[in-house]
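Let's take a friendly walk through a protein model together. Have a look at the picture first, and then we will go through its parts.

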Amino acid sequence: MTYTRNNKGVCSRSTTVEIENGIIKDVKIIGGCDGNIKGLISLVKGFEVNSAIERLKGITCGSKASSCPDQLAMALEEAINQ
């Protein structure tokens, strides 16, 4: 399953996740800090979806209420709740 979410309140514009059998197969994040995004994607590939959500949900970026990791957690939650 592939799911795309338009991000809100952060530098990145969208997050696309590919999930297969509860495992994150691929992530694409448009915008944001290039190195941090590449690192985040590299770390979560192969993770069980619920474990990734648990680790990423609620992370903030500076004074922003959210972050790219938090937006990824939201995309994963929305994808599995479809």
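How many bridges join S2 to S3? Seven of them do, and the two strands run antiparallel.

## Before we start

What you see is a predicted model, so no experiment stands behind the values here: local features need pLDDT of at least 70, side-chain atom pairs count only at pLDDT 80 or more, and totals for chains, interfaces and linings use all residues. Residues are numbered from 1 along each chain as its sequence is written, and side-chain values use heavy atoms, with hydrogens and water left out.

## The sheet

Two strands count as paired if DSSP finds at least two bridges between them. With that in hand, the model has an open sheet of three strands in the order S1-S2-S3, with antiparallel pairing. S1 and strand S3 (23-30) are the edge strands, each pairing on one side only. From one strand to the next, the twist averages 15°; the axes behind such angles are lines fitted to C-alpha atoms, for helices over the stretch in contact, and angles run from 0 to 180 degrees between N-to-C directions.

Five bridges join S1 to S2, and these two strands also run antiparallel. S1 has two faces, a covered one with Tyr 3 and Arg 5, and an uncovered one with Thr 2, Thr 4 and Asn 6.

## Two loops

Now look at the links between strands. Gly 9 is found in the loop between strand S1 (2-6) and strand S2 (14-20). Is Gly 9 buried or exposed? Its relative accessibility is 60%, so Gly 9 counts as exposed. The cut-offs are simple: buried means under 20% relative accessible area, exposed over 50%, and partly exposed in between (1.4 Å probe, protein chains only). Gly 9 and Ile 53 are 44 residues apart in sequence, and their C-alpha atoms are 18 Å apart in space.

Asn 21 sits in the loop between S2 and S3. At 77% relative accessibility, Asn 21 counts as exposed. Asn 21 has a positive phi of about 55° although it is not a glycine. Most residues other than glycine have a negative phi.

## Salt bridges

A salt bridge here is a side-chain nitrogen of Lys or Arg within 4 Å of a carboxyl oxygen of Asp or Glu. By this rule the count comes to five. One of them joins the side chains of Glu 78 and Arg 5, at 2.9 Å from N to O. Glu 78 lies in helix H3 (residues 68-80) and Arg 5 in strand S1, so the pair ties together parts that are 73 residues apart in sequence. Glu 78 is partly exposed at 31% relative accessibility, while Arg 5 is buried at 10%.

Asp 26, Lys 28 and Lys 45 are linked in a network of salt bridges. The side chains of Asp 26 and Lys 28 meet at 2.7 Å, N to O, and the closest N and O atoms of Lys 45 and Asp 26 are 3.4 Å apart. Lys 45 lies in the loop between helix H1 (34-44) and helix H2 (49-56) and Asp 26 in strand S3, so this pair ties together parts that are 19 residues apart in sequence. Asp 26 counts as buried at 18% relative accessibility, whereas Lys 28 at 48% and Lys 45 at 42% count as partly exposed.

## The largest pocket

On a 1 Å grid over the protein atoms alone, a pocket is an open set of points where a 1.4 Å probe fits, with protein on both sides within 12 Å along at least five of seven lines; lining residues have an atom within 4 Å of a point. The largest pocket holds about 190 Å³ of space, a volume being the space filled by probe spheres set on the points, which are joined across faces, edges and corners.

Which residues line the largest pocket? Among them are Val 10, Cys 11, Asn 36, Leu 40, Lys 64 and Pro 69. H1 gives the largest share of the lining, three residues, and H1 and H3 each supply at least two. The lining divides into eight nonpolar residues, three polar and one charged.

Note on methods:
Helices (H or I, at least four residues) and strands (E, at least two) are DSSP runs, numbered from the N terminus. Ala, Val, Leu, Ile, Met, Phe, Trp, Tyr, Cys and Pro count as nonpolar, Asp, Glu, Lys and Arg as charged, and the others, Gly among them, as polar.
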